[in-house]
Amino acid sequence: MHESHKSKYSIHSGSEKMDQDIKKLYWWPNMKADIATNVSNCLTCAKVKAEHQRPSGLLVPPKIPKWKWDNITMDFVTKLPKSSQGYDTIWVIVDRLTKSAIFKPMRETDPLDKLARMYLKEAVTKHGIPISIICDRGPRFSSNFWKSLQKALGTSLDMSTTYHPETDGQSERTIQTLKDMLRACVIDFGNELVQETMERIIQIKRRIQTARDRQKSYADLKRKLMEFQVGDKVMLKVSPWKGVIRFGKRGKLNPRYVRPFKVLKKVRAVAYKLELPQELSRVHNIFYVSNLKKCYSDDPLVVPLERLQVDDKLHFVREPVEVMDR
């Protein structure tokens, strides 16, 4: 058996091949089992031969997500031909429940802070903060910056075991499909598809800009420009609908605006940050300009807030006062 297995003519053949060769000249009881044991004990075979048996370990699939974009997987497709913008990598983010995917082009050399902003813009702002992320142990995902970001967001970071990509199987399968589609596009269309796509994108952007300009010109006809300076006093509009602010039993005679507040900062062209009292601590302090009105009165307290019950919606509440009839 030693000569049949380790000689320079056999070069560590498998147990089936050894059995076929030896039984032409020899035979002994339990020969096939002895040959299989001899091959399994060979250290050289254990080092160099691929495993063709069933893999060890039972399958432990991840739990089925309860809601879309609660559990996602992500990975990168790298070493792609550079585009005209210099992109050579695609960031793939897949929702494990709906199988929806986000493909974001990027550069392989992009810093982590840029990736974090991209992740917040493309995934978090559109679909919410995920409960868990399954990813590999690449340098980006295993960095302290990425771990700290996910910890601050309250997201569990589940990394696959080293050299076991099946853990991240959803994104791996999506990436394989994406690669197949890219190969087919390159073979069938070459650079023509890229050029045509760029021309269409430019055309779409122009049409969107034209539509936005037209929409703005129509809307501005019924609007007026209103700006405030830091330190100005403004009144805050509350909605006389249903919700959260109660002004005794006055019903429809509730005030439309509450006491003047000081403008702390101009956040955007049409949004301002106000200095709110402790009674309105649950209300976000940035308001759209249409909800504000310049206060010209010198009275320090136009509408008192002591009797107000406010939450984050700024709506009047309508509550029954007494039973009038049955």
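At what angle do the axes of helix α5 (residues 112-127) and helix α6 (residues 144-153) cross? They cross at roughly 30° and come within 10 Å. Axes here are lines fitted to C-alpha atoms, for helices over the stretch in contact, and angles run from 0 to 180 degrees between N-to-C directions.

The model is predicted: local features need pLDDT of at least 70, side-chain atom pairs count only at pLDDT 80 or more, and totals for chains, interfaces and linings use all residues. Residues are numbered from 1 along each chain as its sequence is written, and side-chain values use heavy atoms, with hydrogens and water left out.

The protein contains eight helices and 10 strands. Both are DSSP runs numbered from the N terminus, helices being H or I of at least four residues and strands E of at least two. Of its 326 residues, 29% count as buried. Buried means under 20% relative accessible area, exposed means over 50%, and partly exposed lies in between (1.4 Å probe, protein chains only). Among contacts between residues at least 6 apart in sequence, 59% join residues at least 24 apart. A contact requires heavy atoms within 4.5 Å.

Two packed helices are described by the angle between their axes and the distance between the axes. For α5 and α6, the crossing at roughly 30° makes the helices roughly parallel. Angles under 35 degrees count as roughly parallel, over 145 as roughly antiparallel, 65 to 115 as roughly perpendicular and the rest as oblique. The α5/α6 crossing is right-handed. A crossing has this hand if the near helix is turned clockwise from the far one by less than a right angle, and is left-handed if anticlockwise. On the α5 side, L112, D113, A116, Y119 and L120 take part; they meet F145, W146, L149, Q150 and L153 of α6. By class, this contact has eight nonpolar, one polar and one charged residues. Ala, Val, Leu, Ile, Met, Phe, Trp, Tyr, Cys and Pro count as nonpolar, Asp, Glu, Lys and Arg as charged, and the others, Gly among them, as polar.

Helix α6 buries W146, L149 and Q150. These residues lie on the same side of α6, because their arc around the axis is only 90°. The arc is that of the directions from the helix axis to the C-beta atoms. The cover over them includes β1 (71-77), β2 (89-95), α5, β4 (132-135) and β5 (156-159). The face turned away from the buried side carries exposed N144, K151 and A152. Just after α6, G154 adopts a positive phi of about 80°.

Helix α2 (residues 15-22) has M18, D19 and I22 buried. They share one side of α2, because they span an arc of only 100° around the axis. Their cover includes α1 (2-6) and α3 (31-40). The axes of α2 and α3 are 9 Å apart and pack at an angle of about 135°. The two helices are therefore oblique to each other. Their crossing is right-handed. Residues S15, E16, M18, D19 and I22 of α2 meet M31, K32, I35, A36, N38 and V39 of α3. This contact divides into six nonpolar, two polar and three charged residues.

In strand β7 (residues 257-268), R268 has its place. R268 is exposed, with a relative accessible area of 55%. Its C-alpha atom is separated by 9.9 Å from that of V289, 21 residues apart along the chain.
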